[in-house]
Structures are given as structure tokens and as C-alpha cells.
Amino acid sequence: MEGAVRVQILSQMGISEVPSQYIQPPENRPTSETNSITGLSCKNVPAIDLSCEKESVLAAIRDACREWGAFHVINHGVATKLMDDLRRVCLSFFNDLPMEEKLKYACRPGSAASEGYGSRMLVSSENETVLDWRDYFDHHTLPLSRRNPSSWPHFPPEYRALTADYSDEMKALAQRLLALMSESLGLRASCMEDAIGEFYQNITASYYPPCPRPDLTLGLQSHSDIGAITLLIQDDVGGLQVLKDGEWLLVDPLPNAILVLVADQAEIITNGKYKTCVHRAVTNTNKARLSIATFHDPAKMTRISPASDLVSQGSPPRYSSVVYGDYLSRWYSNGPEGKRNLDKLLLDTSK
Ligand SMILES: O=C(O)CCC(=O)C(=O)O
């Protein structure tokens, strides 16, 4: 099992300082401005109503993916009760199950992205990286050959069935959104999904315990998501920030909305027309926060390259093609650091 101390234990000890491994270098620390829930609400991630007329949805998606790489969707067809129930059971796993029970589900140490209960998903090497102030439970949900609900929490009793239902709903929504994103670029609806192939889907419930020093720590370090598209729900605590034009902006929780994050492979497929979203999570002193992210990735053997319909003499490929498994191994061995892994694939198009 993963050898790391769970952050929840540190938080419950009532310490007033955080251990040095959690202290971010000054350039990565949130400023008190970017940490404030009320401070930055004037610049909001766009919210798109999927029940509106199609042309206006396509135009809104085009603008949001170009400018933000992120947008909320409302009237998305996923039952509010399912989202609420999943938030409730995930929170109950972290809050109500004794630590020795939770540790029965611990991730394997030293194995990147292994399923289960952990604290160190984005650590590139044991000694170098500053640790996130976060515990999580990662579920491998799709394809069905990877889905093994017996390795997910037994408590609360409805946990596994809800997670499986939610996985299916997220897959359908991701397919719908990729089709809309494709069409918004004038591509055939299946273009992006065809490029990605069968979804490898993971669901990660992140739990950020109260932290005595939000000014020195991050709940989750700055990164862009590795795969193609991420669908995220959060509770009403707030703490997710996106990087826009060099500024960290808080994503105000929008009740019943689902946040869509464009991820690295979507930026490659769209030849940079749509931007991967660099994001991070900040902590707070008094309230634990929960988010549930559903990642949709290609299979490791899939080669990802800019869609041929978006490449021409006047618009040459901006990224070299990459086998997703190679991209993934580099991401885990280098660490994320914003979107530097994606930037390494950039081609010089100035010649
Ligand atoms: O907690 C959040 O809102 C962000 C979660 C996230 O970025 C992730 O799980 O990769």
C-alpha cells in the first residue's frame, strides 16, 4: 500500500504549521487575492446552457475553448440527484470511515496512477516534489474490462453502484461534448472521438482537508489534464482556480453545473485551436472541500496528432504526433508543472 501519510491525519492533529514537504516555493504560492472566494468573481468561467439552440451552443463552446479551455455546462441531462448522491457517498468515505478501514484501499506505492486511496498522485520523484494538501480515491471505470467495483469502497453501501452509474453518464456526456466541440470547429461530429478512440476513464474524488497555512500550500499543484476531456463537479466550498492570461481565477461553484476542462490531447487534435486548461486547487483553514473529476483519455497505444482537416499549407501542424502511452510516462516522470509536457511537442511553425 502507498506509504504516504494521509493529509487528513495531519489536518486532524490540529497543527498550526505544515510539514516542510508541503510548503510551496514562493513563486507557486497562492497570493491572498487569488485565495479569496469573493475577490475574483467578476471574471467567471463561461456557463453554457446545453438546452439552447444548437448554433448558439456551438458558438459559445468555440469561444470558451479558445479563450478559457474551460466552461460550465448546465441543462446537461445528468440527474442532480446522481451528482448529489455521489458527492455524499464520496464525502462519507473520507469523513465517516475510520482511517484503518480507508487504508485497506490504499494505492500501491511507486506505481503511477494506481487505483485506490492515496495522497501522492502527481509526485515525480519521492524527494524532489512539494506535496499536495490532498487525499483522493481514484477509480478505474472504463473500459469495462478495467472496471472492478470490488476494489472500490464498500461503505456507504450504495457507493459502488452510484460510481458505476455516474461513470456511464459521464461517458455519454463526454461523447456529446466532443461532438459539439468538433462541430464548433467545422469538423464532422465524430472527429475528436474517432481520434481518441475507446475512452479510458478514471474518476478521482479529491478531498482537501482544512489546512493551517493556505498561504504556503496548494491542494493540488498547477497542471493541465493529460487526456482529452475532464468533467468535474465540486461542492460549494470553492478552491479550484484556472490560469487565464497569466492570472489565477477562482472557479465559483455553480450549483448543479458540470465543469468541462479541455485537456492536452484535445489541444493537439485541434492543432492548438482549443486550449488545454491549466488549473490548481487552493486550500482553506476551516472547511474540507470535495471535488470529483472524471477523466477521458485515449488508450496507451493510440497515436495522437492534429486532425488532418485542421492542417493545411497555411495552417501547418503545430504539434508533433505522440503515442499517448509515451506522453503519459513522460508526464508522470517529469511531473506536470503547468503544461510544460505539452509545450515540448510544439513545432516551430515560423519557418
Ligand atoms: O479539486 C479540483 O477542483 C481539481 C481537481 C483536479 O484538477 C484533478 O483531479 O486533476
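## A guided look at the sheet, the ligand shell and a helix pair

The crossing of helices α4 and α6 is left-handed (the near helix is turned anticlockwise from the far one by less than a right angle; clockwise would be right-handed). This is a predicted model, in which local features need pLDDT of at least 70 and side-chain atom pairs count only at pLDDT 80 or more, while totals for chains, interfaces and linings use all residues. Residues are numbered from 1 along each chain as its sequence is written. Helices (H or I, at least four residues) and strands (E, at least two) are DSSP runs, numbered from the N terminus.

**The helix pair**

- Two packed helices are described by the angle between their axes and the distance between the axes.
- Helix α4 (residues 80-96) packs against helix α6 (residues 159-184) at an angle of about 135°, and their axes are 10 Å apart. Axes here are lines fitted to C-alpha atoms, for helices over the stretch in contact, with angles from 0 to 180 degrees between N-to-C directions.
- α4 and α6 are therefore oblique to each other; angles under 35 degrees count as roughly parallel, over 145 as roughly antiparallel, 65 to 115 as roughly perpendicular and the rest as oblique.
- E183 has its place in helix α6, and it counts as buried because it has 20 C-beta neighbours inside 10 Å. Buried means 20 or more other C-beta atoms within 10 Å of the residue's own, exposed means 12 or fewer, and partly exposed is in between, with C-beta atoms placed from the backbone.

**The sheet**

- Eight strands form an open sheet in the order β1-β2-β10-β7-β12-β5-β4-β3, with mixed pairing; two strands pair if DSSP finds at least two bridges between them.
- β1 (47-49) and β3 (116-118) stand at the edges with a single partner strand each, so one side of each has no neighbour in the sheet.
- From one strand to the next, the twist averages 25°.
- β1 and β2 run parallel and are joined by three bridges; I48 has V73 as its bridge partner in β2.

- Five of the five residues of β10 (residues 258-262) are buried, so the strand is largely enclosed by the rest of the structure.
- I258, V260 and V262 point one way from β10, while L259 and L261 point the other way.
- β2 (residues 70-74) runs antiparallel to β10, with four bridges joining them. In β10, V260 is the bridge partner of F71 and L261 is that of A70.
- β7 (residues 229-234) also pairs with β10 in the antiparallel sense, over four bridges, and L231 has V260 as its bridge partner there.

**Around the ligand**

- The residues surrounding the ligand are T204, S206, L220, L232, Q234, L240, H279, A281, S291 and A293 (each with its C-beta atom, placed from the backbone, within 6 Å).
- β5 (200-208), β7, β11 (279-281) and β12 (289-297) are the elements that give two or more residues to this shell.
- By class, the shell has five nonpolar, five polar and no charged residues. Ala, Val, Leu, Ile, Met, Phe, Trp, Tyr, Cys and Pro count as nonpolar, Asp, Glu, Lys and Arg as charged, and the others, Gly among them, as polar.

**Backbone details to look up**

- The peptide bond from L142 to P143 is cis, with omega near -5°.
- The peptide bond from F155 to P156 is cis too, with omega near -10°.
- D245, which is not a glycine, has a positive phi of about 50°.
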